[in-house]
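Good morning, colleagues. Please have the sequence and the structure open before you while I speak.

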Amino acid sequence: MSKRVVRAPVRDGMVDPTQPGISFAQPKGGQAKDKGTERQHSLAPAGVERAPTPTKQPAAKKAAPKPKAARKSAGKLPAAAAKRPAAESAKAAAKRPRQSASAGASAGSSREAYSTVVPPARQKRVAGKHFIVTGGTQGCGKCVALTLADEGAKGITICGRQDAKGRQVAAELERRGCRALFLKADLLSSDDCVRVVEEHERMFGVCDGLVHCAATTTRGTWKSVDEASADRDDFGGTDVELFDRVYALNVRAPFLLMQGVSKLMRQSGRGGSVVNIGSVHSAGGSPKLVAYATSKGALETMTKNFAFAHRNDRIRANYIACGWMYTDGVPQR
Ligand SMILES: NC(=O)c1ccc[n+]([C@@H]2O[C@H](COP(=O)([O-])OP(=O)(O)OC[C@H]3O[C@@H](n4cnc5c(N)ncnc54)[C@H](OP(=O)(O)O)[C@@H]3O)[C@@H](O)[C@H]2O)c1
């Protein structure tokens with residue numbers, strides 16, 4: 001009997017869950033848990049102790065009996081909440097208009113509909129602040145820039161190689177009341193990395209945050225390119241050119257950007273925040289993504305090093321180990 005092998009599309013080394021026929025088992029009563037994405041990244045500087053892991057305590061002594069009034073009200077909702085039927089409030093929540101921004105022409109396309117819902121408690125957290133977002137021409141970076149604008153950012157610099165898309169996102173940011181600067185820049189060039197920070201400073205004077213999203217995910221195994229092509233490997237090999245290109249964009253570029261923005265953050269005395277968009281691959285990663293996975297590992301270490309170095313400058317840094325995301329970078333099917 002012949003066996004039909006179905007190859008699931010892979011993005012960032014992970015299976016595309018939106019592909020027909022691909023399903024993930026959900027544990028009863030909740031979302032499937034991805035251990036990789038749940039990993040905690042401690043950015044605590046060396047020497048700072050973590051909170052101890054709670055150990056099982058012996059059973060507490062029998063609690064003292066509650067006063068009569070407390071016993072009576074226990075388990076009861078406040079009058080207003082008790083009156084509200086659960087089904088009705090769920091219905092009302094579904095009807096509530098969502099604050100969303102469709103950044104593309106094709107309405108209804110999940111790829112283009114950038115929903116930037118801002119919960120009330122988080123609104124205006126970044127009001128009056130200025131940011132640099134790399135990779136802001138599309139995908140995750142574009143969504144981050146639009147969300148920052150929705151949360152009240154005063155000025156945002158985005159950069160990338162795609163002129164038309166960059167201008168479009170800049171116009172969208174302006175429409176949301178945020179001053180925008182799009183810089184056509186290729187972050188493979190160290191000069192362009194330095195220029196992005198300089199141009200941002202010229203336009204806005206201060207930098208409160210950097211979100212580094214730009215990256216390349218080019219695949220390649222441990223084989224040489226020649227060996228991989230002789231073996232007709234789907235994922236190709238890794239040569240010096242590929243390795244250097246991935247490291248130039250995924251490691252050297254954020255190094256130069258962080259160096260530049262930390263200077264501005266120290267000068268202003270306001271401190272700031274750096275967020276590096278990483279990948280779960282930094283924990284080891286797929287052997288088909290040797291350069292990519294190891295570059296994200298380097299970025300994670302660099303983030304911690306930076307955070308420790310600037311612990312007294314009111315500058316913090318975080319590395320976000322993302323799992324699969326359905327972004328513009330995902331090949332069209
Ligand atoms: N999507 C996923 O499943 C996934 C999973 C884990 C982690 N991540 C990470 O999330 C981040 C964003 O991914 P994404 O899916 O949003 O990617 P994407 O849609 O492919 O966008 C990549 C962005 O990087 C910019 N970029 C690429 N090369 C550049 C260069 N040489 N110079 C300047 N900018 C450059 C692109 O701008 P231009 O094309 O205009 O230059 C684009 O804005 C990346 O760091 C990626 O590693 C993604």
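The mean pLDDT of the chain is 77, and 62% of its residues reach 70 or more. Over residues 15-64 the pLDDT is below 50, and this stretch has 42 contacts in the model beyond near neighbours in sequence.

This is a predicted model, in which local features need pLDDT of at least 70 and side-chain atom pairs count only at pLDDT 80 or more, while totals for chains, interfaces and linings use all residues. Residues are numbered from 1 along each chain as its sequence is written.

I turn to the ligand. Which residues are closest to the ligand? They are Gly 135, Gly 139, Gly 160, Ala 215 and Gly 329, from a surrounding set of 29 residues; a residue is counted if its C-beta atom, placed from the backbone, lies within 6 Å. Helix H5 and strand S9 (272-279) are the elements that give two or more residues to this shell. Helices (H or I, at least four residues) and strands (E, at least two) are DSSP runs, numbered from the N terminus. H5 gives the most, with 3 residues. By class, the shell has 12 nonpolar, 12 polar and 5 charged residues. Here Ala, Val, Leu, Ile, Met, Phe, Trp, Tyr, Cys and Pro count as nonpolar, Asp, Glu, Lys and Arg as charged, and the others, Gly among them, as polar.

H5 also packs against another helix. The axes of H5 (residues 139-150) and H6 (residues 163-175) come within 9 Å and cross at roughly 15°; axes are lines fitted to C-alpha atoms, for helices over the stretch in contact, and angles run from 0 to 180 degrees between N-to-C directions. H5 and H6 are therefore roughly parallel to each other, a term for angles under 35 degrees. Lys 142, Ala 145, Leu 146 and Ala 149 in H5 meet Val 169, Glu 172 and Leu 173 in H6. The residues of this contact comprise 5 nonpolar, no polar and 2 charged.

Finally, H9 (residues 240-268) and H10 (residues 290-309) pack at about 15°, with axes 9 Å apart. H9 and H10 are therefore roughly parallel. Among the residues that meet are Phe 243 and Tyr 247 in H9, and Tyr 292 and Phe 306 in H10. This contact divides into 14 nonpolar, 2 polar and 1 charged.

Note on methods:
Parallel < 35°, antiparallel > 145°, perpendicular 65-115°, else oblique. Contact = placed C-beta atoms within 7 Å. pLDDT = per-residue confidence, 0-100.
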